[in-house]
There are 2 protein chains.
Amino acid sequence: MSEVPASASQPWTAFEEIDFHAAAQRIASQILRTPLLRLPCDDPRIDLRGKMENLQVTGAFKARGACNNIAKLSPEERQRGVVASSSGNHGRALAWAAKQAGVAATIVMPKDAYPNKIEACRAEGAEVVLAEDRFDADVVTARLAAEGRVLIHPYDRDGTIEGAGTVGLEIAQAWPEVEVVVICVGGGGLSAGSSLALRRELGTRVRIFGAEPIGSASMRDGLAAGKPVVLEEITTQVQGLCPPQSGARNIAICASTLDGVFTPDDAIIFAAQRRLVRSEPGWQAQIVEPAGACAYSAVLSDMLPQSLLAGRTAQDPLRVAVTISGGNPDPAQLVAAQLD
Amino acid sequence: MSEVPASASQPWTAFEEIDFHAAAQRIASQILRTPLLRLPCDDPRIDLRGKMENLQVTGAFKARGACNNIAKLSPEERQRGVVASSSGNHGRALAWAAKQAGVAATIVMPKDAYPNKIEACRAEGAEVVLAEDRFDADVVTARLAAEGRVLIHPYDRDGTIEGAGTVGLEIAQAWPEVEVVVICVGGGGLSAGSSLALRRELGTRVRIFGAEPIGSASMRDGLAAGKPVVLEEITTQVQGLCPPQSGARNIAICASTLDGVFTPDDAIIFAAQRRLVRSEPGWQAQIVEPAGACAYSAVLSDMLPQSLLAGRTAQDPLRVAVTISGGNPDPAQLVAAQLD
């Protein structure tokens, strides 16, 4: 585990412009309050539960931020429509939320994105613009925003953080006795939002950790530097958790809320996904993408600090929640994980 | 649709020894209150929602009856242990519930049951006895019961009906505005229990239908005869919905509660399962077995009486709930449904 440097420029009691309760109310009619399910865990000293956002509308927590952003648009912004660069779940979620509200959406995708992801955005009613690659996609997105579309950033935007944070809010409401929460980290939308919501609801008695692939540890590096760091190389195969950098706002929040960041490798993450997509005693198989199992993989592979487990027993287990953040695997990858 | 003859020997206000609220309280700590999700439906005049028991512990509503039966055992009965004949979800659920309570369980299975089903019962801690076939399994089960084990019938037992009926109770609580409910029918545990619970909660303003494969229409035939009818031939491939006959108690209840029975064919049922295991706009793929999609298939294939849809529009849709009753498909069958 990487410790978070004690150098946050703002305490977690700041960020007052972010209001999770207001966001929860704004999106309540469109969003599923996902169940918190007991997950397989071989350590009897841990009572492990998963917040099943793989069951969320559009297959990921991303629908929360998308709905919240769309609901906050002014009438003038609604006329202009929205744009985002995405190769995955944010694009699909934004397309869906925009269509529900009668707002035009353009999703800019790298041309080598999975065909099923591109098709999903089109099927949800968005205009899809294909770019040469991820960097070109950002350029095209910026141009469309300059021409009038409202840019809905996948993580570095308060409306996105606020929506994603309703995941943490729901965990605190459903299980106020929780002692440790581990949150999947990509660009930092879910981790910033949910960790801040958990701090506000439960204070400092809950330990909160992020988990990101060691092959794209942009939050770990960003926290160490105190600002976004562009990764020189991305070596993970875990799609959806590998933006070139974490967001500035996300790092500022996480610096004040997180106790540390776990960095499992790909083998650990894929093994955890494999476990969730197969049934075993006490666990019913579900459809989860590798990225969605990142936080779970950190617990499964014994990354929790041993100090937290000292003295805990099967009769008095440590109460740990993890986010299962997405359920849109590549179909062929899912089948391999189910059957191999 | 087959109408139910107006010849019920008891009205639905009878059956007072069955108490769904007591059962719900008894099993609350072990059972998941499953979500009621909006399902894909091409008819804009229908607001269709599924009670997702595929997400239930052990992958089917069967866990409810199993827990309820185990909780109701006397201390002396707990000592004797339980036995059931099952080739599928009831066996796994009973094994699981018994183990939770420290009660010994024997599951008698036909030796040609799916290897993964047999393995699942063993993995949950049950002793598995293999019989020559389904009929021999019933003989072996009866012998073990005569020797002392408490027989927990998969459907024809009040404790089973009471537990299964908490599905209907939860539908009524979560969506009291529901107008039509369609329930999957095998031996009649889920349909008798849930229809009776729905009648008690919502009265006669809700229309309630069963749905069973036309190749094993034992409830339709049992309702017509007013008693269990042993089917001469079972021609469906939809495992889990093809007992040789429906239960006597189940038929007595359903005669007083159901408005009719739909009998989709296998092609319709498999097509409905295929739709649920694949994502589409507004729907996130889930793991569902063919039997679990039987009620849904009846709605998808336009079996609802047209009179119920008269005058309904997208702005004022008919509110229909269906049970998605199980999520334990054969792994190879699931993969074929996901990818073909």
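**Chain interface and cavities in the predicted model**

The model as a whole scores ipTM 0.81 and pTM 0.89. This is a predicted model, where local features need pLDDT of at least 70 and side-chain atom pairs count only at pLDDT 80 or more, while totals for chains, interfaces and linings use all residues. Residues are numbered from 1 along each chain as its sequence is written, chains are lettered from A in the order in which they are written, and side-chain values use heavy atoms, with hydrogens and water left out.

On to the interface: 28 residues of chain A touch 28 residues of chain B (contact means heavy atoms within 4.5 Å). About 1900 Å² is buried between the two chains, with carbon and sulfur atoms giving 64% of that; buried area is the accessible area (1.4 Å probe) that two parts lose on being put together, summed over both.

As for cavities, sets of points on a 1 Å grid over the protein atoms alone where a 1.4 Å probe fits but cannot get out, the whole structure holds four of 30 Å³ or more.

Conventions: On a 1 Å grid over the protein atoms alone, a cavity is a set of points where a 1.4 Å probe fits but cannot get out, and a pocket is an open set with protein on both sides within 12 Å along at least five of seven lines; lining residues have an atom within 4 Å of a point. Grid points are joined across faces, edges and corners, and a volume is the space filled by probe spheres set on the points.
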